[in-house]
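This briefing is for a reader meeting the structure for the first time. Please look over the sequence and the model before reading on.

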Amino acid sequence: MANRIFNFSAGPCTLPLPALEKAQTEFVDYQGAGMSLTEMSHRGKHYDDVHYAAIANIREVLNVPESHDVLFIQGGATLQFAMVPLNLTIDGKSAEFLNTGTWVKKAIADAEKIGPTRMIWTGEPENFTRIPGNDEYKVGEDAAYLHICGNETIGGIEYHAYPDTSAVPLVADMSSHIMSRPIDWNKLDLAFAGAQKNLGPAGLALVIINKALLEKCKDGLPAYLSYKTHAAKDSLYNTPPVFAIYMMKLTIDWVKSEGGLAEMEKRALARSGALYDTIDSSDGWYRCPVDKASRSRMNVCFRLPTEELETTFIAEALEASFSGLKGHRSVGGCRASMYNAMPLEGAEKLADFMAEFKKKNA
Ligand SMILES: *Cc1c(COP(=O)(O)O)cnc(C)c1O
């Protein structure tokens, strides 16, 4: 039995043990081929089956309609910060942004190098502690698209309903909450996600794009940077990251066997609820800096009364087999990231540990 601890890392992060074990079993001799999947041609039958099964898995579990294409692109979510404006800012139109934190700021910085941008709302004066309400901004009718980050992994804030943009395409960075809740594809024209939070190992981005929007994407881009290239070749234009896609397939096999998105959502609510309840019932000893309605189900951020106590908390938690609880270096504090593969038991045990820690130190 592998010695596994509760891994609360923000990403890469804990993956389902059955997926890891299956990969381990098959790694050296893939289904009797006498070689590893990582050693064989990506044009052969073995990999072909994995590739199309991964696409089918995404379609099935995320309920992706025929109107949308499913693409696998290397370069993580970060390359999408460039690819989205490269492909979608056409005819001098502006890319618009709701600035909810670090990950939107990075997207804006890249988009500015490519075309006109407009920030139509920013949470910076409030330290990015909430998601804006629909009545707090106005999407320009002439916008090329509106970019949002569905879940700000660092600040711990999450959209619980996506904006209505009527005819303007909505683009969502779903890196840290994809596969944790149902998605309304009628509202969403382009979703992208780095794989290493809820989908599998790093290095891969999942891109799901409305085919009508794809048709309108800019022509004449370098081949790899064009969505049209990847769509025309079923994401086999060049050598795909075969191991990452294989692991994604196994990860989604696990999601399916556990009951799919409805079950993942239920578990996310239970895990995050256990920690938020502990925080809320601590008489302010633990403090969540985030607006209640915007609290993330994936990344629970919290503070202790002093930075010294935070350091002690993180060290003692690690000794008790809870790793990865340090907040992002840009904001400090503590953060418990709990993606699909984190068992409810991990969250409950951490909640108990927090209550005990308070008793000892308050
Ligand atoms: C992790 C993360 C990214 C960056 O993903 P990479 O694969 O490292 O490029 C982008 N956006 C969000 C919301 C993230 O959580």
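This is a predicted model: local features need pLDDT of at least 70, side-chain atom pairs count only at pLDDT 80 or more; totals for chains, interfaces and linings use all residues.

Residues are numbered from 1 along each chain as its sequence is written, and side-chain values use heavy atoms, with hydrogens and water left out.

**Ligand site**

- The ligand is surrounded by 13 residues, and the closest are T78, T153, D173, Q196 and K197; a residue counts as near if one of its heavy atoms lies within 4 Å.
- By type, the shell holds four nonpolar, seven polar and two charged residues (Ala, Val, Leu, Ile, Met, Phe, Trp, Tyr, Cys and Pro count as nonpolar, Asp, Glu, Lys and Arg as charged, and the others, Gly among them, as polar).
- Helix α3 (residues 76-88) gives the largest share of the shell, four residues; helices (H or I, at least four residues) and strands (E, at least two) are DSSP runs, numbered from the N terminus.
- T153 places a polar side-chain atom 2.4 Å from an oxygen atom of the ligand, where a polar contact with the ligand is a pair of N or O atoms within 3.5 Å.
- For K197 the corresponding distance from a polar side-chain atom to a ligand oxygen atom is 2.7 Å, and for Q196 it is 2.9 Å.
- The protein buries 87% of the 390 Å² that the ligand exposes when taken alone (accessible areas by the Shrake-Rupley method with a 1.4 Å probe).

**Domains**

- The protein chain is assigned domain 1 (17-257) and domain 2 (260-361), with bounds from an automatic or database domain assignment.
- Over C-alpha atoms, the centres of domain 1 and domain 2 are 27 Å apart.
- Domain 1 brings 24 residues to the contact and domain 2 brings 23, contact meaning heavy atoms within 4.5 Å.
- About 2,000 Å² is buried between domain 1 and domain 2, and carbon and sulfur atoms give 56% of this area; buried area is the accessible area (1.4 Å probe) that two parts lose on being put together, summed over both.
- Of the area that domain 1 buries against domain 2, I154, S180 and W254 supply 25%, more than any other three residues.

**Backbone details**

- A cis peptide bond runs from G11 to P12, with omega near -10 degrees, and P12 sits in the loop between β1 (6-7) and α1 (17-26).
- F128, in the loop between β4 (117-122) and β5 (145-149), is a residue other than glycine with a positive phi, near 55 degrees.

Note on methods
A polar contact is a pair of N or O atoms within 3.5 Å; within protein, one must be able to donate a hydrogen and the other to accept it, and residues adjacent in sequence count only if both atoms are side-chain atoms.
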